[in-house]
Amino acid sequence: MSIAVGILNDYDSIREDQEALYRDLHAHPELSHHEMRTAGEVAQRLTEWGFEVHTGIGGTGVVGILRNGDGATVLMRADMDALPITEATGVEYASTVDAVMHACGHDVHVACLLGAARLLAAHQDSWQGTLVALFQPAEETGDGARGMLDDGLAGIIPKPDVALGQHVLPGPAGTVLTRPGPVLSSADSVRITVFGRGGHGSMPQKTVDPVVLAALIVVRLQTVVSREIAPTEPAVLTVGSIRAGSRSNIIPDDAVLELNLRTYTDATRAHMLEAIERIARGESQASGSPKEPTIEVHDSFPLTENDHAATTRVALAFTEHFGDRALPMELQTASEDFSDVPRALGAPYTYWSIGGTDPDAWAEAERRGTVFSDIPANHSPLFLPVMQPTLATGTAALVVAAGAWLGLEKNR
Ligand code: ZN
Ligand code: ZN
């Protein structure tokens, strides 16, 4: 039996505490950059278990360091923030905070990382190296990881040999899914403001109509993915918002379009941003616009591109531990700022997912072909991972993955 499994035999001793903490976190969600209470709960426990604890990094970020002799340094990361959503699950530990909800499962991530940290701290005779447990604020706004880096994270923690992260997603609870290479898309939001010349709706000849101009840009943007990107290359370009004017008989002065794009290579991202700018400028010119459009890129998330060697190492350890519950992960169109930290520290990283759906409900939805309509996904007011085996699986995944660097092979 491997050491990781030996440690996990002790899971039952922490299970009740972990479930209580998870219910407490779920009932007290906090928005991005406001994770004060959560950070306090985390820091207090890490201190109790013997970690060197640093708080207030990039606002509410917390890091726990446990040095346990020579060996690799493994960074494990959980995000802590919730979303501005009103919970509709009706569960007895539902959010007690008005219009705030743990609808992305970050409460699961915190509980699992604390569970893994506790087990590893209690069994230091079973492994060697340094553990860095990183609790990150503000993943949903995409700037929490960068905030920790800007606040001097690199000077606080030892350089990791690998960084590990996980996310709970729809899928049978008990499963763990890995994927080498690109796994989550990069994301960018783009705000385009185009300019016309306003006037009376009855005298269009005296105006340059920015509504028509914006409409033509929306249509032309549909050709970016369909005509300019290879069919084998996944990419998404959505116009999520278009705003102009106030009433039917006034031609307004300007129009604002809000775009969101998702890409899986830096080259595709650069090409799409260039195409968006070209189309906005070209259509403005074709319309006789009196002024160049303004184009702002904001809320950018990096590409999450798993290191091949690190992912293979984790996948092998998962297969050994979880058997047929270790599965390949599909390419996701969601985005994350997890990779900001390892990229800045020059460390390889891998990011996997765990299922959070009741396995029977999942099997039934699959049988009926209604997975997309029946299984609430992240950011839904109905998203609620089943507590078990989700927590046990997420905790085990972190211990098993970290174990692949912390002397597990030597200590069978
Ligand atoms: Zn989310
Ligand atoms: Zn999330």
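Guide: Helix α2, in this predicted model, has 17 residues and reaches 24 Å from its first C-alpha to its last, close to the 24 Å expected at 1.5 Å a residue; the expected span is 1.5 Å times one less than the number of residues. Helices (H or I, at least four residues) and strands (E, at least two) are DSSP runs, numbered from the N terminus. Residues are numbered from 1 along each chain as its sequence is written, while chains are lettered from A and ligands numbered from 1 in the order in which they are written. Local features need pLDDT of at least 70 and side-chain atom pairs count only at pLDDT 80 or more, while totals for chains, interfaces and linings use all residues, and side-chain values use heavy atoms, with hydrogens and water left out.

Along α2 there is a kink of about 25°, centred on D17, where the bend at a residue is the angle between axes fitted to the seven residues ending there and the seven starting there. The buried residues of α2 are Y11, I14, Q18, E19, L21, Y22, L25, H26 and A27; buried means under 20% relative accessible area, exposed over 50%, and partly exposed in between, with a 1.4 Å probe and protein chains only. An α-helix has 3.6 residues a turn, so residues three or four places apart point the same way.

Phi of H33 is near 75°, a positive value in a residue other than glycine, and H33 is partly exposed, with a relative accessible area of 38%. Another such residue is A138, whose phi is near 50°, in the loop between β4 (129-136) and α5 (144-150); at 0% relative accessibility, A138 counts as buried. Most residues other than glycine have a negative phi, and most peptide bonds are trans. A cis peptide bond, with omega about 5°, joins Q388 and P389, and P389 is found in helix α13 (residues 387-403).

Elsewhere, the zinc ion (ligand 2) is coordinated by C104 (SG), H106 (NE2) and H167 (NE2), at 2.1 to 2.4 Å. Donors are N, O and S atoms within 2.8 Å of the metal (3.2 Å for Na, K and Ca), and water is not among the atoms, so sites may look incomplete. H106 lies in helix α4 (residues 106-122) and H167 in strand β5 (residues 162-172), so the pair ties together parts that are 61 residues apart in sequence. Both H106 and H167 are buried.
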